[in-house]
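Open your viewer and get ready to select a few side chains. We will go stop by stop.

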Amino acid sequence: MAFSLDDVKFGSDGLVPVIVQDVLSGEVLMMAWANRESLETTLSSGMMTFWSRSRNEIWKKGETSGNTLALQELRLDCDGDALLAMVEPAGPACHTGERSCFHKLLTPPCEGRGTFPGVLWRYLEKRRLDDPAESYTARLLSKGLRRVAQKVGEEGVETALAVAAGDRKETICEAADLLYHLEAALLASGVSPREIYAELERRHDKPSPQGQTTERPS
């Protein structure tokens, strides 16, 4: 459902909290405050702009560091008093150099996060620039598309064999290898996971012959 800035319920101080999320990895990157003027600037420029309560001024994220946040989608919550911004980050969101401002754990870290494929992609983007002598990712990508494609094929076959054998442990390990090498292949091919997700979304929303949406790729 579309909304306008007139629907935003700003606080008595004229501000509204904005939660910022990486559109690809799903990571929550930061929370900042915005007033109407900063939101108007965000919408017109396409770059996240906030209100600094400490400096009492509007600030564009990454204006000095270069770690900008390109707006992809902006959502208003059901009460109208909080915003969710989906962004494409150009670097770490936190002033400490961490990818996310939410890097301090109060509980043990959980395993099996659904956001990890996107986190892995950000990692591969960074590792491809490393010294091939010190990084498997950089070394693999330096060997070219044919070698990367070969690895995807090898891991795909090994995953299929593990599934066919009913070996749960091997299926997990081989599927992890396959997902890693598939992302490496996409990176080497210049294809973003977002393009894959968009295609899956298109297929999911495609009307079936009965007039209903399909829930599986056609």
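Is Cys94 buried or exposed? Cys94 is buried, with a relative accessible area of 7%. Keep in mind that this is a predicted model.

Cys101 has a relative accessibility of 32%, so it counts as partly exposed.

How far is the sulfur of Cys101 from the closest cysteine sulfur? That sulfur belongs to Cys94, and the distance is 4.0 Å. A disulfide needs two cysteine sulfur atoms within 2.5 Å.

Next stop: aromatic rings. The structure holds 2 aromatic pairs.

Select Phe50 and Trp59. Their ring centres are 5.3 Å apart. The planes meet at 45°, so this pair is tilted.

Move on to Tyr136 and Tyr180. They form an aromatic pair that is also tilted, with 6.0 Å from centre to centre and 35° between the planes. Which helices do they come from? Tyr136 lies in helix 3, residues 136–142. Tyr180 lies in helix 5, residues 168–189. The pair therefore ties together parts that are 44 residues apart in sequence.

Finish with the surface again. Tyr136 is partly exposed, at 38% relative accessibility. Tyr180 is buried, at a relative accessible area of 16%.

Conventions: Residues are numbered from 1 along each chain as its sequence is written. This is a predicted model: local features need pLDDT of at least 70, side-chain atom pairs count only at pLDDT 80 or more; totals for chains, interfaces and linings use all residues. Side-chain values use heavy atoms; hydrogens and water are left out. Buried means under 20% relative accessible area, exposed over 50%, partly exposed in between (1.4 Å probe, protein chains only). Rings of Phe, Tyr and Trp (its six-membered ring) pair if their centres lie within 6.5 Å; planes under 30 degrees apart count as stacked, over 60 as edge-to-face and the rest as tilted. Helices (H or I, at least four residues) and strands (E, at least two) are DSSP runs, numbered from the N terminus.
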